[in-house]
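Student: I'm new to this one. Could you walk me through how to read it?

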Amino acid sequence: MIFSEPRFLLFFLLVFSVHWLLRSNAPRKHVLLAASLYFYGCWDWRFLALIVGASMCDWWCSLRIDAARARGEKPKRWLWLSLCYNLGTLGFFKYFNFFADSAVVFLQWLGLPASPVTLQIVLPVGISFFTFQTMSYTLDVWRGELKPVRSPLDFLLYVTFFPQLVAGPIVRASTFLPQLDTVRRFRDVDVHRAVGQFLSGFIKKSVVADLIAGPVDQVFGPPFGVQVPPGESFGPPADYSATSIWIAVVCYAIQIYCDFSGYSDMAIGTARLLGYELCENFRFPYLASSITDFWRRWHMSLSSWLRDYLYISLGGNRGSRWFTHRNLMLTMLLGGLWHGAGWTFVVWGAIHGLALVVHKEWLRVAGPGRLSLLSRPLTIYTVLLAWIFFRARTWEDSWVMAKAWLFLGSPGAKEVSLGAGLVDWPIGVRFLAVVAPLLLLHVAASRRLYEPLRRALPAWLVTLLFGVVAAIALSCVPLAARPFIYFQF
Amino acid sequence: MIRRLAHVALFLVGMFGTSTAIRHADPMPFFSWTRQKIVHLQSQVADVDTLFLGSSRFNYGVRPELFDARMAQLGVPTKSFNAALSGLRQVDHDEVVEWILRHRSPALKRVVIELHSWRQQIRGGYWFTDQEIELHTLRSFLPRMQAVLTDDHGLWNKVTETGFVLAHTLTNALCIGQADRIVKERLIVGRGEPLPKIYPVRDGGWNDPAVSDMAPMIAEHEEFER
């Protein structure tokens with residue numbers, strides 16, 4: 001069940017009605033928990049045991065950590081137990097085949113006999129998200145920054161809360177658990193703001209991301225798990241001209257932004273309608289002035305997680321320059337690996353890590369504010385180069401596309417089709433047709449424009465406009481909804 | 001409370017009002033066999049005087065050319081057209097007959113209706129096919145629900161059939177997924193090109209064997225007729 005499906009709407013209407021019909025907090029939490037478990041079970045009910053097991057392990061370990069500290073003992077073994085359980089589960093389900101394949105390739109490269117070992121492992125949806133969420137809770141308790149929650153149901157609801165369960169934002173326990181202790185009142189909910197955010201996410205995902213996926217799939221090839229429609233032509237990238245590859249890369253940048261930030265917006269809007277606040281996850285990342293700024297705006301809940309629990313744990317910038325650079329590289333490499341079990345994801349992380357190191361060095365040598373005019377396009381250029389490795393299906397495809405992106409050359413001559421009639425347009429217009437929606441989206445979604453406008457209009461008109469926008473958005477939704485890109489992580 | 005309900009009502013007015021406007025601007029059935037048959041009927045067989053309406057039994061079982069030949073032998077020359085649709089049920093008849101008759105040729109004299117399709121039954125299991133979406137109009141919602149409630153299926157089937165009817169009626173009423181097709185068609189019409197035939201039909205009877213994946217079935221049927 002995904003947010004852009006009609007059955008989610010029915011599911012949510014039911015949960016919303018029952019939740020607000022109940023007066024006290026405890027039954028509301030039970031309803032939300034049952035709904036969240038049902039929501040997760042819709043993918044594969046067998047993995048309910050996994051998510052409940054991981055949650056209970058961290059809940060229990062945190063209580064042990066607190067108890068051990070109260071007795072004056074060292075609580076480290078409970079932290080290790082929690083980390084081993086979480087990372088072991090993640091490692092088995094997500095990385096077993098990757099490491100096994102890599103080991104076989106490495107041994108064969110050394111000339112040693114090795115045969116591939118591949119297990120048919122189904123990746124539980126959202127495992128990377130809920131694992132990081134539960135780990136952050138245990139780490140916060142271990143650091144003494146958070147008191148452990150006594151109620152296992154509260155903790156389970158924090159982990160499984162359905163709006164953010166499968167693709168974030170990665171909510172911190174310190175921001176969510178206190179909300180469970182207070183009785184939510186419907187009159188405190190800014191319904192217009194919540195519905196507006198949900199609608200904006202819905203448009204980003206179902207209208208922009210899904211419609212722009214066509215040219216991306218043509219050049220990159222269809223994403224894994226998506227069937228190629230009969231008669232359609234897809235990939236390989238080597239068959240396409242450099243112009244087409246550029247267009248596909250730009251389209252993918254728009255697609256992944258709209259897909260993922262669209263999901264986050266829908267998650268935040270859904271949670272707000274139930275009276276809960278989730279953290280913002282995106283802040284116009286393609287307007288970033290530098291690569292460092294980009295990571296303050298892109299997938300903010302993950303970047304702050306990596307900063308707080310990985311970068312700082314590795315030593316952060318509390319050492320020499322090279323030590324800091326090493327920590328940055330390691331953090332981004334592991335961040336890349338978090339996204340997917342493949343070397344192309346590691347390269348994606350490496351490009352970002354390297355760019356962050358170069359930016360830090362540039363700031364040290366030249367000082368802040370120098371060449372600021374060049375900084376934005378250079379940031380976008382680097383980010384888009386990295387997206388090639390993030391999306392490409394194979395190494396060969398990545399290199400062909402990266403070469404086309406960097407040196408404007410490609411062995412192929414095929415032109416990507418952007419839609420009826422658009423292929424005949426001049427290249428400048430075609431490029432603008434791809435970029436314009438992103439710019440418009442940024443301007444329209446900007447709080448400086450949207451929020452004052454919403455407040456200036458009478459409430460009844462805003463409601464009516466929401467209805468009109470919802471109808472137009474629904475008419476644009478492809479009947480076969482594509483799953484969110486980040487569900488695979 | 002009244003204020004909240006008023007806002008819900010306003011939202012629905014905005015949503016369904018806009019969808020109705022889209023539907024008004026694009027009154028044709030979407031793009032399934034119904035549409036193809038209508039296009040074919042309009043453009044190529046202006047002198048049709050006999051229409052066959054029904055479900056798959058007529059769609060695959062009636063050969064207009066054989067019917068016309070037999071009628072000619074009997075001294076009543078006809079020009080017939082097979083407008084039957086697989087899966088058609090009683091509740092669909094109003095819509096389909098209306099569409100067909102709205103686009104009929106001036107020569108039309110008789111309509112032959114297959115009685116087997118005149119049955120109270122919701123055909124579950126074909127979720128979100130073009131045909132299901134286009135047939136589940138708001139006008140047919142109540143007769144459909146009547147069929148669901150009065151059939152002799154078990155309670156669970158009634159629940160799933162209700163979901164089936166609700167989902168398709170809402171999808172139809174809200175024009176979900178139609179913008180892409182509407183824009184593409186407007187572009188084609190704007191260029192002065194004919195609309196593509198997604199399912200070419202031959203004389204309103206069989207699918208064109210050149211593009212159909214049903215050739216073995218057609219051959220088997222022709223063998224049976226011989």
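**Reading the model, feature by feature**

Tutor: Happy to. Keep in mind that this is a predicted model. Let's begin with burial in chain B: of its 226 residues, 29% count as buried.

Student: And what does the secondary structure of chain B come to?

Tutor: Chain B has ten helices and three strands. Going along the sequence, they follow the pattern α-α-β-α-α-β-α-β-α-α-α-α-α.

Student: Now the helices in chain A. How do I read a pair that packs together?

Tutor: Two packed helices are described by the angle between their axes and the distance between the axes. Take helix α8 (residues 191–220) of chain A and helix α9 (residues 242–273) of chain A: they pack at about 155°, and their axes are 6 Å apart. Angles over 145 degrees count as roughly antiparallel, so α8(A) is roughly antiparallel to α9(A).

Student: Which residues make up the contact of α8(A) with α9(A)?

Tutor: They divide into 23 nonpolar, ten polar and six charged. As for handedness, α8(A) passes α9(A) in a left-handed crossing.

Student: How many residues are in contact between chain A and chain B?

Tutor: On chain A, 19 residues are in contact with 22 residues of chain B. Helix α18 (residues 459–476) of chain A gives the largest share of chain A's side, 13 residues.

Student: How do the residues on that side of chain A divide?

Tutor: The side of chain A that touches chain B has 15 nonpolar residues, four polar and no charged.

How values were computed. Residues are numbered from 1 along each chain as its sequence is written. Chains are lettered from A and ligands numbered from 1 in the order in which they are written. This is a predicted model: local features need pLDDT of at least 70, side-chain atom pairs count only at pLDDT 80 or more; totals for chains, interfaces and linings use all residues. Two residues are in contact if their C-beta atoms, placed from the backbone, lie within 7 Å. Helices (H or I, at least four residues) and strands (E, at least two) are DSSP runs, numbered from the N terminus. Ala, Val, Leu, Ile, Met, Phe, Trp, Tyr, Cys and Pro count as nonpolar, Asp, Glu, Lys and Arg as charged, and the others, Gly among them, as polar. A residue is buried if 20 or more other C-beta atoms lie within 10 Å of its own, exposed if 12 or fewer, and partly exposed in between; C-beta atoms are placed from the backbone. Axes are lines fitted to C-alpha atoms, for helices over the stretch in contact, and angles run from 0 to 180 degrees between N-to-C directions. Angles under 35 degrees count as roughly parallel, over 145 as roughly antiparallel, 65 to 115 as roughly perpendicular and the rest as oblique. A crossing is left-handed if the near helix is turned anticlockwise from the far one by less than a right angle, and right-handed if clockwise.
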